[in-house]
Amino acid sequence: MADLKRPAFDADHRTSLLGWFQLQREIVVLKTDGLAEADVHRVVIPTSPLMTVGGLLSHLRWCEHLWFQVAYSGVAESENPMFDDDPDDNEFIVGQGKPLDQLVAEYEEECRRSDAVIAAAGLDDRGAGTTFPAAGATLGWMIHHMFEETARHAGHLDLIRELLDGEKSYF
């Protein structure tokens with residue numbers, strides 16, 4: 001098991017926020033550890049067929065891109081499938097058929113790009129994106145939002161993993 005750590009009790013606001021955010025990202029990746037390739041895209045929630053380990057990894061990757069590349073940095077959204085009108089939820093679908101190691105690598109690389117953006121800016125700096133109203137939010141708001149998004153889906157991954165192969169853990 002990975003050596004996951006919470007931020008120090010006396011950490012300043014930025015360090016604490018980024019520490020908790022990074023912990024959730026690490027939990028997402030941890031939930032894929034040892035998963036059989038046959039289970040990466042297996043549906044275990046019939047009413048939510050896109051909610052697979054692979055679908056969630058793809059979704060989280062593109063959420064990172066949306067908030068830190070498009071909304072904050074103002075990079076054109078053309079490469080992000082979240083801006084495709086058809087089909088809905090395309091960011092879950094574009095990961096279908098990709099092997100687990102590729103999905104994890106793409107997610108981790110997108111997180112590194114996000115971290116570079118975050119490191120170069122202040123929490124009160126505003127996004128340069130113009131695609132949608134929330135793009136003008138502060139970087140701190142965007143990080144809090146992505147922390148919430150990542151934590152929510154880490155919980156989904158926890159349950160999906162248990163349904164797939166019985167694997168469960170504290171984190």
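This is a predicted model: local features need pLDDT of at least 70, side-chain atom pairs count only at pLDDT 80 or more; totals for chains, interfaces and linings use all residues.

Reader: Which residues of α1 are buried?

Author: Leu17, Phe21, Leu23, Gln24, Arg25, Ile27, Val28, Val29 and Leu30 are the buried residues of α1.

Reader: There's an Arg in that list. Where does the charged end of Arg25 sit?

Author: Over the ring of Phe21, with 4.1 Å between the charged end of Arg25 and the ring centre. Both Phe21 and Arg25 are among the buried residues of α1. Arg61 does something along those lines too: its charged end sits over the ring of Trp62, 3.9 Å from the centre.

Reader: How far does α1 reach from its first C-alpha to its last?

Author: It reaches 25 Å with 18 residues, close to the 26 Å expected at 1.5 Å a residue.

Reader: OK, and zooming out, how many helices and strands are there?

Author: The protein chain has 5 helices and 0 strands. From the N terminus on, the elements run α-α-α-α-α.

Reader: What radius of gyration does the chain have, and what would a compact globule have?

Author: The protein chain has 16 Å, and a compact globule with 171 residues would have a radius of gyration near 16 Å, so the two agree. The C-alpha trace spans about 45 × 45 × 25 Å along its principal axes.

Reader: What share of the residues counts as buried?

Author: 44% of the 171 residues. As for contacts, take those with a separation of 6 or more: residues 24 or more positions apart account for 72% of them.

Reader: Back to the helices. What does α4 pack against?

Author: The buried residues of α4 pack against α1 (13-30), α2 (53-72) and α5 (139-165). α4 itself covers residues 100-119 and reaches 28 Å from its first C-alpha to its last, close to the 28 Å expected for its 20 residues at 1.5 Å a residue.

Reader: And which residues of α4 are buried?

Author: Leu100, Leu103, Val104, Glu106, Tyr107, Glu110, Cys111, Ser114, Val117 and Ile118. They lie on the same side of α4 because they cover an arc of only 160 degrees around the axis. On the other side of α4, Asp101 and Ala119 are exposed.

Reader: Switching to aromatics. How many aromatic pairs does a search of the whole structure find?

Author: It finds 4. In one of them, the rings of Trp67 and Trp141 have their centres 5.5 Å apart and their planes at 55 degrees, so that pair counts as tilted. The pair links distant parts of the chain, with Trp67 in helix α2 and Trp141 in helix α5, 74 residues apart.

Reader: Are those two Trps buried or exposed?

Author: Trp67 is buried, at a relative accessible area of 7%. Trp141 has 43%, so it counts as partly exposed.

Reader: And what about the rings of Phe83 and Phe132?

Author: Their centres are 6.4 Å apart and their planes are at 35 degrees, so the pair is tilted. This pair also links distant parts of the chain: Phe83 is in the loop between α2 and α3 (90-93), while Phe132 is in the loop between α4 and α5, 49 residues apart. Phe83 is partly exposed with a relative accessible area of 25%, and Phe132 is partly exposed with 21%.

Reader: Which residues do the ring pairs link into a cluster?

Author: Trp67, Phe83, Phe132 and Trp141.

Reader: Next, where is Ala128 found, and what does it touch?

Author: Ala128 is in the loop between α4 and α5. Leaving out residues up to four places away in sequence, Ala128 touches Ala71, Tyr72, Ser73, Gly74 and Ala135. The C-alpha atoms of Ala128 and Ser73 are separated by 5.5 Å, though the two residues are 55 apart along the chain. With 48% relative accessibility, Ala128 counts as partly exposed.

Reader: Last one. Why does Arg161 count as buried?

Author: Because its relative accessible area is 4%, and buried means under 20%. Arg161 is in helix α5. Not counting residues up to four places away in sequence, Arg161 touches Lys31, Thr32, Asp33, Gly34, Leu35, Gly166 and Glu167.

How values were computed. Residues are numbered from 1 along each chain as its sequence is written. Side-chain values use heavy atoms; hydrogens and water are left out. Helices (H or I, at least four residues) and strands (E, at least two) are DSSP runs, numbered from the N terminus. The expected span of a helix is 1.5 Å times one less than its number of residues. Buried means under 20% relative accessible area, exposed over 50%, partly exposed in between (1.4 Å probe, protein chains only). The arc is that of the directions from the helix axis to the C-beta atoms. Contact means heavy atoms within 4.5 Å. Rings of Phe, Tyr and Trp (its six-membered ring) pair if their centres lie within 6.5 Å; planes under 30 degrees apart count as stacked, over 60 as edge-to-face and the rest as tilted. A charge sits over a ring if NZ of Lys or CZ of Arg is within 6 Å of the ring centre and within 35 degrees of the ring normal. The radius of gyration is taken over C-alpha atoms; the globule rule is 2.2 Å times the number of residues to the power 0.38.
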